[in-house]
Amino acid sequence: MARSWWWKITALVLLFFTYYEGFLGEIPRMPILNETIRNLYFHVTMWMAMLVLMICNAFYGILYLNKSDLYFDLVADECARIAMVFGIAGLLTGMVWANYTWGAPWVNDPQLNGTAASLLIYAAYFILRNAIPDDSKRARLSAVYGIFAFVMMIVFIMVLPKMTDSLHPGKGGNPGFNKYDLDANMRMVFYPAVIAWTLLGVWMMSLRVRIRKIEWKNEDQ
Amino acid sequence: MKKNLTLLSIVMISHSTAFAQEVEMADTMRSEGKIYVVVAVAFISLAILSFYMIRIERKVTKLEKEMKK
Amino acid sequence: MTTALHQYFKLVRHEVRLEFKNYHALTSLLVYSLATIFIAYISYRQSLDPITWNALFWIIMLFAATNAIARSFIQESRGLQLFHYTFLNPAVVILAKTTYNILLLSVLGFINLSAFSLFFSLSIHDWGQFTLGLLLGSFGLSAVLTLVSGIVSKAHNQAALVAILGFPLLFPLLITIIKFSGNAIQGVEWAINQPNFYLLIALNSIIVVLSFLLFPYLWRD
């Protein structure tokens with residue numbers, strides 16, 4: 001799996017597709033958003049990729065707790081790292097977009113706060129990892145913290161925004177934006193775009209895992 | 001609050017459908033074909049990214065094979 | 001089952017007895033939060049509007065909780081810990097510690113509230129709801145921080161880590177609890193506050209279940 005080419009090529013092809021349709025595809029004409037609705041393919045997808053990688057992190061944490069194999073911890077660590085990369089990308093792109101549609105780079109929005117919180121949580125995760133010198137103990141404690149953090153984060157970004165008015169579409173607040181959720185045309189681009197960015201993230205993650213495995217073997221020799 | 005929001009939503013939806021054609025979009029850029037310049041630039045940057053990713057992938061695979069020997 | 005229950009009550013009693021035995025820890029905790037409230041008083045020097053004092057109250061509760069619970073795994077002697085490892089069920093240990101911390105924090109919460117009402121003129125419209133919020137908030141704060149201090153106790157007991165790891169995890173809880181008690185202060189009808197109440201109950205149960213499931217992994221060394 002890690003060495004096969006087909007999904008990497010799929011990722012690249014879908015990325016080209018995303019960029020092509022992202023600039024040239026049909027989009028609904030909506031006030032305020034205008035052309036910026038195309039950011040859906042380049043900003044929201046960052047969060048989706050981050051979310052998938054965070055799920056991977058929690059999943060490999062559970063695997064580690066059951067099997068006590070340090071390889072699982074390695075994967076969990078790298079998942080969190082790449083999730084962080086995508087998270088920062090999502091935050092920066094979101095700030096640019098928000099500045100031009102909502103009037104300020106940071107607005108008090110539950111979705112925004114939730115994602116900022118998840119970045120902080122994963123920053124804390126790395127701090128915890130750095131604080132423990134022993135390999136297996138580090139793996140165990142960070143797996144426990146990672147799983148706990150993941151559940152709290154899901155509550156934050158999935159449940160809380162539904163209970164408050166949000167500027168994001170589909171959550172009270174801005175019904176005018178709601179329309180693009182229904183636009184079938186955009187969906188046909190959005191879903192492939194999510195898959196493209198996620199696969200790219202997984203690719204980056206697997207490369208880092210493989211490099212670190214080589215490092216391990218080097219240290220053993 | 002809730003009531004206001006539903007009212008607002010009705011107003012906004014009817015507004016956006018009635019005046020959909022008047023929303024300002026980058027139509028000139030499209031008709032002039034300049035948008036293809038943007039696409040070309042984006043594609044070049046993507047191509048470089050792809051090339052780089054594939055290079056790293058092959059490098060790592062090579063290293064793995066060397067480690068196995 | 002009965003032995004587990006027996007162990008549980010015995011452990012809670014043991015914790016309470018330990019606390020009263022070296023009551024200077026308790027006193028220092030009390031002085032800490034009273035001093036913080038006094039600092040808030042001399043910084044504002046006037047009566048606060050409900051939103052501000054509500055936020056201030058919960059921030060002070062957060063810091064008091066961190067201070068109180070950070071030491072919950074530290075104060076035991078090495079020999080006692082060894083005894084716990086060998087003879088007790090880890091799930092029972094975490095539940096007992098959490099219960100004790102909930103008791104401690106609820107008491108501290110009421111003391112803080114009376115200190116607040118001494119310095120700031122409070123205008124709480126619905127005392128019943130506010131008290132309920134105080135109890136639920138103390139519950140959540142102590143449950144999360146007990147697990148975090150369990151993690152940190154294995155990571156060379158760096159006390160600062162409790163705050164770093166705990167705060168991001170507490171965001172969803174704090175947001176909900178501040179909203180809930182804010183509504184209570186303004187005397188909002190129960191029907192409107194109900195979703196927040198259910199969310200708090202759900203959050204607290206998730207936290208307890210997670211620490212029940214995850215703590216045994218921390219325990220084995």
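Helix H3 (residues 70-101) and helix H4 (residues 110-131) of chain A pack with their axes 10 Å apart, at an angle of about 145°. The crossing of H3(A) past H4(A) is left-handed. The model is a predicted one, and chain A has a mean pLDDT of 84.

- On the side of H3(A), the contact is made by Asp77(A), Ala80(A), Ala83(A), Met84(A), Gly87(A), Gly90(A), Leu91(A) and Gly94(A).
- H4(A) contributes Leu112(A), Thr115(A), Ala116(A), Ser118(A), Leu119(A), Tyr122(A), Tyr125(A) and Arg129(A).

**Fold and dimensions of chain A**
- Chain A holds 7 helices and 0 strands, in the sequence pattern α-α-α-α-α-α-α.
- The C-alpha trace spans about 60 × 40 × 25 Å along its principal axes.
- Of the 221 residues in chain A, 47% count as buried.
- Taking contacts in chain A between residues at least 6 apart in sequence, 74% join residues at least 24 apart.

**Nonpolar core**
- The largest nonpolar core has 124 residues, and the members that touch the most others are Leu53(A), Cys79(A), Val144(C) and Ile151(C).
- Helix H5 (residues 135-163) of chain A supplies the largest share of this core, 15 residues.
- Beyond residues up to four places away in sequence, Leu53(A) touches Cys79(A), Ile82(A), Ala83(A), Phe86(A), Gly201(A) and Met205(A).
- Among these partners of Leu53(A) is Ala83(A), which also takes part in the contact between H3(A) and H4(A).

**Met25(B)**
- Met25(B) sits in the loop between helix H1 (2-18) and helix H2 (27-31) of chain B.
- Met25(B) counts as partly exposed because it has 14 C-beta neighbours inside 10 Å, whereas a buried residue needs 20 or more and an exposed one has 12 or fewer.
- Apart from neighbours within four places in sequence, Met25(B) is in contact with Arg29(A), Asn34(A) and Glu35(A).

**Confidence in chain A**
- A pLDDT of 70 or more is reached by 91% of the residues of chain A.
- Confidence is highest in helix H2 (residues 44-67) of chain A, at a mean of 93, and lowest in helix H6 (residues 179-182) of chain A, at 51.
- The pLDDT is below 50 over residues 171-180 of chain A, a stretch that has 32 contacts in the model beyond near neighbours in sequence.

Terms used:
Residues numbered from 1 in each chain as written. Chains lettered and ligands numbered in written order. Predicted model: local features only at pLDDT ≥ 70, side-chain atom pairs only at ≥ 80, totals over all residues. Helix = DSSP H or I, 4+ residues; strand = E, 2+ residues; numbered from the N terminus. Contact = placed C-beta atoms within 7 Å. pLDDT = per-residue confidence, 0-100. Core = buried A, V, L, I, M, F, W, Y, C linked by C-beta atoms within 7 Å. Axes fitted to C-alpha atoms, helices over the stretch in contact; angles between N-to-C directions. Left-handed = near helix turned anticlockwise from the far one by under 90°.
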